[in-house]
Amino acid sequence: MKTDVLDMLRAASPEWVSGEVLREPTGVSRAAISKQIKRWVALGYEIESSPRKGYRLKSEPDSLEAEFMKSRLEGTRFAKGEYVYTQVTGSTNDDVRELARRGAPEGSLVVAEVQERGRGRHGRAWFNRAGDSLLVSLLLRPPLTPRQGTLIPLLAAAGIYSALESLGVEGCGIKWPNDVLVDGRKVCGVLCEMSVDMDGIEFALLGIGMNVNTPGGAFPGELQGKACSLASATGRRWSRSEVMEAVLREIDRLAIPTWSGEMGPVMEVWRRGAVTPGKRVHVTRGDGKVFDGVAEDVNEDGALRVRDAEGTAHVLHSGEVTLSADGL
Ligand code: BTN
């Protein structure tokens, strides 16, 4: 279904848009506009009409299905790729990998209501609650070297952080490499997987899991005090479609300079949100070795520098960092 009329109503919302203004750029008749509006209303859009004032969009359905989300993502790479919506799946990262292997374009994505085998970093399971979480995996084809690709997890975190800020969420932060926190508790995690060949990065998969409307008491015991949802942190429910649009728009925006080899914009946002530098941390390195130290900065590859008690600097490209003060 064409979305020009809807886009104009959305841009003006909550103000009225007259029938003439709607007809002008689209060049369609009064009857055709009224027919389109009826179709959107049947899909759950609340659109008020007045013979004198025209139309105004009062609310949109909070659905993550393609017919609703594609128009919201207009102008980004995510409007151009394949869009797979599924009620229940194993892991959206596994599904998007299949798309990638079949040659789907950059911007393709898989979104699910529930995952039965959702995966977190370091082989952990990812908790989700039907209808409350945002579970989406993105397919990117960055024209970068594998070395530059180490910044992609940071790009994801920077995009999510910046989207939450733009939605007015206070107290957001980023824990290296790509956990997004609100008031020190994890609200969103990203599982970044990459396929690399001789020519560079074949594809990167960004699996985003955000707790949107999960009630605080619904998290399992081991996550209590460590995890939160947007709703539990801010005291109100959030529209998942609005949050998803904001996140994908920011990731799209930051990917543009990054794909041209300009890493500054991602690093600037990431550093603005970073809670790790200057903190005492407990480190589990990729090879399993553990030590305590103080986190310093990230370098241009996105690696974290941690100085141990003897004053030796360790540069971490992978691994797990726990903030000593709050056990996160
Ligand atoms: C983490 O451990 O912080 C990363 C969690 C990533 C979870 C998301 S949910 C959507 C996508 N599909 C998965 O199986 N995992 C990621």
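Reader: Which element gives the largest share of the lining of the second largest pocket?

Author: To read a lining, sort its residues by the element they belong to. In this predicted model, strand 8 provides three residues of the lining of the second largest pocket, the largest share. Helix 6 (152–166) and strand 8 each supply at least two residues there.

Reader: How many residues line the second largest pocket, and which lie nearest its centre?

Author: A lining is read as a list, with the centre as the point of reference. Here the list has 19 residues, and Arg 121, Pro 153, Pro 177, His 317 and Ser 318 lie nearest the centre. By class, nine are nonpolar, eight polar and two charged. The volume of this second largest pocket is about 380 Å³.

Reader: What is the volume of the largest pocket?

Author: The largest pocket has a volume of about 790 Å³. Its lining consists of 36 residues, and the closest to its centre are Arg 124, Ala 125, Trp 126, Lys 186 and Leu 223. The classes in this lining are 13 nonpolar, 14 polar and nine charged. At least two residues of the lining come from each of helix 5, strand 5, strand 8, strand 9 and strand 14 (319–323).

Reader: Where is the ligand in relation to the pockets?

Author: A pocket and a ligand are found separately, then compared. In this case the ligand takes up the space of the largest pocket. Helix 5 (92–101), strand 5 (133–140), strand 8 (185–197) and strand 9 (200–211) are the elements with two or more residues in the shell around the ligand. Strand 8 gives the most to this shell, four residues.

Reader: How many residues surround the ligand, and which are the closest?

Author: The shell around the ligand has 20 residues, and Ser 91, Gln 115, Arg 119, Arg 121 and Lys 186 are the closest. Sorted by class, the shell holds six nonpolar, 10 polar and four charged residues.

Reader: How much of the accessible area of the ligand does the protein cover?

Author: Compare the ligand on its own with the ligand in place. On its own the ligand has 420 Å² of accessible area, and the protein covers 98% of that.

Technical notes: Residues are numbered from 1 along each chain as its sequence is written. This is a predicted model: local features need pLDDT of at least 70, side-chain atom pairs count only at pLDDT 80 or more; totals for chains, interfaces and linings use all residues. Side-chain values use heavy atoms; hydrogens and water are left out. A residue is near a molecule or strand if one of its heavy atoms lies within 4 Å of it. Accessible areas come from the Shrake-Rupley method with a 1.4 Å probe; for residues, only the protein chains shown count as cover. On a 1 Å grid over the protein atoms alone, a cavity is a set of points where a 1.4 Å probe fits but cannot get out, and a pocket is an open set with protein on both sides within 12 Å along at least five of seven lines; lining residues have an atom within 4 Å of a point. A molecule sits in a cavity or pocket if more than half of its atoms lie within 2 Å of its grid points. Ala, Val, Leu, Ile, Met, Phe, Trp, Tyr, Cys and Pro count as nonpolar, Asp, Glu, Lys and Arg as charged, and the others, Gly among them, as polar. Grid points are joined across faces, edges and corners, and a volume is the space filled by probe spheres set on the points.
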